[in-house]
Amino acid sequence: MKVVLSAPVKGFIPELFDVLNLFFGSVEKMETEDLADLVVSITDEIHANARQTTVTLTGLYQTQVSSNTPLSLDPLEAKRLHKRQQKLGLFHALLQATGIQPPWGALTGIRPTRLVFDAMAEGISAQDAVKRIQDTFFVSDEKARLLLDIVEVQNNLPRIKPDEIACYIGIPFCRTRCSYCSFLSREVGDGRLLPDYVNALKREIEGTLQLMKDRGLTARSVYVGGGTPTVLPEDLLREVLSTAQPLFNQAVEVTVEAGRPDSIMEGKLRVIQAAGIQRISVNPQTMHDITLSRIGRQHASAQTLEAFGLARQLGFSHINMDLIAGLPGEDVGMFTESLNQVLSLDPEAITVHTLSIKRSSALYRDGVRQAEEGQVGQMVRLALEKTAEKGYQPYYLYRQKHMAGNQENVGYAKPGFACLYNIDMMEDQTTVLAMGAGAVSKWVSPGRERVLRSPNVKDIHHYLARVEDMMNAKKALFEGIGKGVKAPVVQEE
Ligand code: SF4
């Protein structure tokens, strides 16, 4: 869909396009009306103490919707209300013109649960908070129920203490690149870069440990992710984990995202186990070999079964498995088969992602677009129902742009196996110290009013050359707390 959009506040335009994406998938922004399928014009008028916003659609769809909102004297609140009025005005115009009802209504953000917690902070119950969000943003009953279930699970988990943080260690290499991948990950090739990368990473881990000691911080959760951490040969994996061992010793939960089954060997699992780590991820994505080959995974479903069996045999007691709904060429029947096979393995947690085709992925470049919306909606619903039958509870969710069917990613876990790191990260409520190329550290103020971020450079060669700069930026992040400074950024050269 090609769209021309004019609005009084230029800064709101990207989020207004997010609303258009809810209805039309990927929308192309046009500058002139001649080639556009749809023209959206948004205007404002001030009457007494209220602002009237009018949204007019012409072209493929034609309608006009107006709304009035009282003006606020607080500049930040005024901006928030103004943006919301324009987004909701556009949402109503599109709803009226197309008859399409996006499952998450007008919500375009990635963390719907955070809105619930913000409302609960005003002293209302979880039920009332969800109801308020449902009524404001026209969220479907099904998604409102999911929100409530997740909030209830999270509410029963231990709260993070003021001196606790989350830590992330990134290994941004994979054997091959999946065609839907938009992460910072490069193919490992002949592995020549790995020893230098591990040396730099070890320096950053040691510096971070010192910083935590100086600041009196302890890790509540640690996540070793990527990429694929188990792409490292046994000796290098051991070096990384033993350098980070003091972090693991303090943490309540440590995860190694073993990830790709073709990288999971007995020796590497033993190295992970020797570090005292119980939570790993073994990610099939699908149990259909034809799809695995279509998405460039270059492993077979038999390797997933083998890797899972090996991990169980060695005694890993907390295994997560990732699946993706809406993979190219898959219908509801194929997704159900994968889901059933994964459930039969009885992992402690299952994360069901909805395919999101980002512009940086090979799938996007190859012209593959989202799966049919109705089918993806059914897959996601099936995942919710079948995991519930087996005793799993949804415990965290997040949304991304360009998700098939406007659905979401949901983590399901057996009681007692919700991943604290996933929750802390998604709710944006925890300070994070992140190590590795492209990893992003952030400091979150106690009331969550402020979040300062310090991203590491993404390019591996720059990372190797500038690891000390990134360590210094991390220190400066903490030195700036309370002084109103901006987060330090280490620029790519
Ligand atoms: S395993 Fe993950 S990080 Fe690696 S290429 Fe595939 S999607 Fe990207």
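Where is the place of Gly227? Gly227 sits in the loop between β9 (218–226) and α7 (234–243), with helices (H or I, at least four residues) and strands (E, at least two) taken as DSSP runs and numbered from the N terminus. The peptide bond joining Gly226 and Gly227 is cis, with omega at about 10°. Both glycines also turn up around the ligand, in a shell that holds Cys174, Arg177, Cys178, Cys181, Phe183, Ser185, Gly226, Gly227, Thr228, Gly259 and Arg260; a residue counts as near the molecule if its C-beta atom, placed from the backbone, lies within 6 Å of it. By type, this shell splits into 4 nonpolar, 5 polar and 2 charged residues, where Ala, Val, Leu, Ile, Met, Phe, Trp, Tyr, Cys and Pro count as nonpolar, Asp, Glu, Lys and Arg as charged, and the others, Gly among them, as polar.

A word on the model itself. It is predicted, so to speak of a local feature takes a pLDDT of at least 70 and side-chain atom pairs count only at pLDDT 80 or more, while totals for chains, interfaces and linings use all residues. Residue numbers start from 1 along each chain as its sequence is written.

The protein chain falls into domain 1 (2–98), domain 2 (112–145) and domain 3 (164–426), with bounds that come from an automatic or database domain assignment. Taken over C-alpha atoms, the centres of domain 2 and domain 3 are 29 Å apart.

Helix α14 (residues 373–389) has 17 residues, which at 1.5 Å a residue should span 24 Å, and its end C-alpha atoms agree with that at 25 Å apart; the expected span is 1.5 Å times one less than the number of residues. Val376, Gly377, Met379, Val380, Ala383 and Thr387 are the buried residues of α14. Down the helix axis they fall within an arc of 160°, so they line one face of α14, the arc being that of the directions from the axis to the C-beta atoms. Here, buried means 20 or more other C-beta atoms within 10 Å of the residue's own, exposed means 12 or fewer, and partly exposed is in between, with C-beta atoms placed from the backbone. The face turned away carries the exposed Gly374, Glu385 and Glu389. Cover for the buried residues of α14 includes β12 (318–325), α12 (332–345), β13 (349–354) and β15 (409–413), contact being C-beta atoms, placed from the backbone, within 7 Å. Just after the helix, Gly391 takes a positive phi of about 90°.

Leaving aside residues up to four places away in sequence, Thr351 touches Asn320, Asp322, Asn409 and Gly411.

Helix α9 (residues 266–274) has Lys268, Leu269, Val271 and Ile272 buried. They cover an arc of only 155° around the axis, which puts them on the same side of α9. Gly267 and Ala274 are exposed on the other side. What covers the buried residues of α9 includes α7, β10 (253–259), β11 and α11 (301–314). After α9 comes Gly276, with a positive phi near 80°.

Gln285, in the loop between β11 (279–282) and α10 (289–294), has a phi of about 70° and is buried, with 25 other C-beta atoms within 10 Å. Asp346, in the loop between α12 and β13, has a phi near 60° but counts as exposed, with 12 C-beta neighbours inside 10 Å.

Technical notes
Two residues are in contact if their C-beta atoms, placed from the backbone, lie within 7 Å.
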